[in-house]
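Please give a short account of this structure. Cover its core, its strands, its salt bridges and its surface.

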Amino acid sequence: MKRKLMISLLVIGIFSIFYSANSLYSSFYYGNPQKMIESENLALEYLKKEKGYSESDILVIKGKYNYKKGKGDKYEGFIYLKNDSNKKYEYTISEEKVLEYDVIPQKRDK
C-alpha cells in the first residue's frame with residue numbers, strides 16, 4: 001500500500017513539475033494572450049482617435065509578443081490598411097501608448 005502511494009505521489013509530482021515548467025516557458029516566449037488582445041485594442045483606438053480611421057478602413061491589426069525586448073515594451077504588432085494593403089505598418093506598446101515604427105498616415109477624406 002505504501003509503495004503504491006509513493007509511486008502515485010511521484011507521478012503526480014513529476015506531472016506538476018512538467019506542467020509548471022511548460023507554463024513558465026509558454027508565458028516567457030509567447031506572452032500573455034490577453035495583453036496581446038489589449039495591445040490590438042489600443043492600436044485600434046489609436047487609429048480611430050489620432051489618425052481618423054474607422055474600423056471599416058482597417059484590414060488587419062495583429063499583436064505579437066517579443067521576449068527579446070526590454071521590460072514593458074514586449075508587446076507590438078502590425079497593421080494593414082484597406083487603402084494601402086501592400087504596406088505593413090509596425091507599432092509597439094510602451095507605457096500603454098502606441099509608438100509607431102512606420103509612420104501611419106492620417107486618413108484622407110475623399
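In which strand is the place of E76? E76 sits in strand β2. Helices (H or I, at least four residues) and strands (E, at least two) are DSSP runs, numbered from the N terminus.

This is a predicted model, in which local features need pLDDT of at least 70 and side-chain atom pairs count only at pLDDT 80 or more, while totals for chains, interfaces and linings use all residues. Residues are numbered from 1 along each chain as its sequence is written, and side-chain values use heavy atoms, with hydrogens and water left out.

**Strand residues**

E76 counts as buried because its relative accessibility is 6%. Buried means under 20% relative accessible area, exposed means over 50%, and partly exposed lies in between (1.4 Å probe, protein chains only). Leaving aside neighbours within four places in sequence, E76 is in contact with S39, K62, G63, K64, N66, K69, Y91, T92 and Y101. Contact means heavy atoms within 4.5 Å.

One of those partners, T92, belongs to strand β3. T92 is buried as well, at a relative accessible area of 5%. Not counting residues up to four places away in sequence, T92 touches D73, Y75, E76, K97, V98, L99 and Y101. With Y75 there is also a polar pairing: a polar atom of the T92 side chain lies 3.3 Å from the backbone oxygen of Y75. A polar contact is a pair of N or O atoms within 3.5 Å; within protein, one must be able to donate a hydrogen and the other to accept it, and residues adjacent in sequence count only if both atoms are side-chain atoms.

V60 is in strand β1. Its relative accessibility is 33%, so V60 counts as partly exposed. Beyond neighbours within four places in sequence, V60 is in contact with F78, I79 and Y80.

**The nonpolar core**

In soluble globular proteins, nonpolar side chains tend to be buried together. A nonpolar core is a set of buried Ala, Val, Leu, Ile, Met, Phe, Trp, Tyr and Cys residues joined through side-chain atoms within 4.5 Å. Here the largest one has 14 residues. Within it, L47, I58, I61, I79, L81, Y91 and I104 touch the most other members. Two or more residues each come from α2 (33–49), β1 (58–65), β2 (75–81) and β3 (84–94). Helix α2 gives the largest share, four residues.

Leaving aside neighbours within four places in sequence, L81 is in contact with Y53, D57, I58, L59, Y89 and I104.

**Salt bridges**

How many salt bridges does a search of the whole structure find? There are four. A salt bridge is a side-chain nitrogen of Lys or Arg within 4 Å of a carboxyl oxygen of Asp or Glu. Three of them are listed here.

| Pair | N to O distance |
|---|---|
| E45 and K48 | 4.0 Å |
| E55 and K48 | 3.0 Å |
| D57 and K107 | 2.8 Å |

The D57 and K107 pair links distant parts of the chain, 50 residues apart. D57 lies in the loop between α2 and β1, and K107 in the segment after β4. D57 counts as buried because its relative accessibility is 18%. K107 is partly exposed, at 32%. Salt bridges that share partners join E45, K48 and E55 into one network.

Why are E45 and K48 separated by about one helical turn? They are three residues apart in helix α2. Both count as partly exposed, E45 at 34% relative accessibility and K48 at 30%.

**Loop and surface**

E95 and E96 come next. Phi of E95 is near 55 degrees, a positive value in a residue other than glycine. E96, also not a glycine, has a positive phi of about 65 degrees. E95 counts as exposed at 69% relative accessibility, and E96 counts as exposed at 56%.

On the surface, Y25, F28, Y29, Y30 and Y67 form a nonpolar patch with about 510 Å² of accessible area together. Patches are made of residues with over 30% relative accessible area and no salt bridge: like charges are joined within 9 Å, nonpolar side chains (Val, Leu, Ile, Met, Phe, Trp, Tyr) within 5 Å. Accessible areas come from the Shrake-Rupley method with a 1.4 Å probe; for residues, only the protein chains shown count as cover. Y29 is in helix α1 (residues 2–30). Y29 counts as partly exposed, at 32% relative accessibility.
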